[in-house]
Amino acid sequence: KLASACTSPKKLGDKRGHMESAQWTNNAPAPLKTGADAPPARVVEATRRPDGTWRKERKIRAGYVNQEEMGRYESRGTQWRNDMPKLPPGMTEEEDAAAKAAAQSKSAKKNAKRKEKKKSGGRRRSVAEARKEYTFLQRT
């Protein structure tokens, strides 16, 4: 009689004693499958090495992203700066370029001209080419 009195949670004043026994056994939710119980999202099959030995098959978890495929981390400040418009509202790129050209100093304009000439193919001649052209012009 004493053993049955000790095992009853209602008589011991346990906090769980007010619940019915059906709630403890039958209505418990099924445990989530995590860790080793969870089915893998993808299985990379075993492969043979050039020396003839086998690599083990690999199980890749659902949602795993490979290190090479992950994007680069951007802080909130960097994201905010990249999302901001480059020009003030209503200004076109042509107007911006014209404003920058007008604001250049004399040396900056000269350097821009040199850069443009270099881009357009204004290449320098070699010494041999210059001599050939010089001798050709002297003969004519």
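Colleague: Where is Arg 55 found?
Modeller: Arg 55 lies in the loop between β1 (42-44) and β2 (58-60); strands are DSSP runs of E of at least two residues and helices runs of H or I of at least four, numbered from the N terminus. This is a predicted model, in which local features need pLDDT of at least 70 and side-chain atom pairs pLDDT 80 or more, while totals for chains, interfaces and linings use all residues. Residues are numbered from 1 along each chain as its sequence is written, and side-chain values use heavy atoms, without hydrogens and water.

Colleague: Is Arg 55 buried, exposed or partly exposed?
Modeller: Arg 55 is partly exposed, with a relative accessible area of 37%; buried means under 20%, exposed over 50% and partly exposed in between, with a 1.4 Å probe and protein chains only.

Colleague: How many residues of the chain count as buried?
Modeller: Of its 140 residues, 2% do.

Colleague: And the order of elements, from the N terminus on?
Modeller: The elements run α-α-α-β-β-α-α-α-α, with seven helices and two strands in the chain.

Colleague: What about salt bridges: how many are there?
Modeller: The count is one, where a side-chain nitrogen of Lys or Arg must be within 4 Å of a carboxyl oxygen of Asp or Glu. Lys 100 and Asp 96 form it, at 3.7 Å from N to O.

Colleague: Where do Lys 100 and Asp 96 lie?
Modeller: Both are in helix α5 (residues 93-102), four residues apart, about one turn of the helix. Lys 100 is exposed, with a relative accessible area of 55%.

Colleague: Turning to α6, how many of its 15 residues are buried?
Modeller: The count is zero, and α6 is hardly covered. Just after α6, Gly 121 has a positive phi of about 105 degrees.
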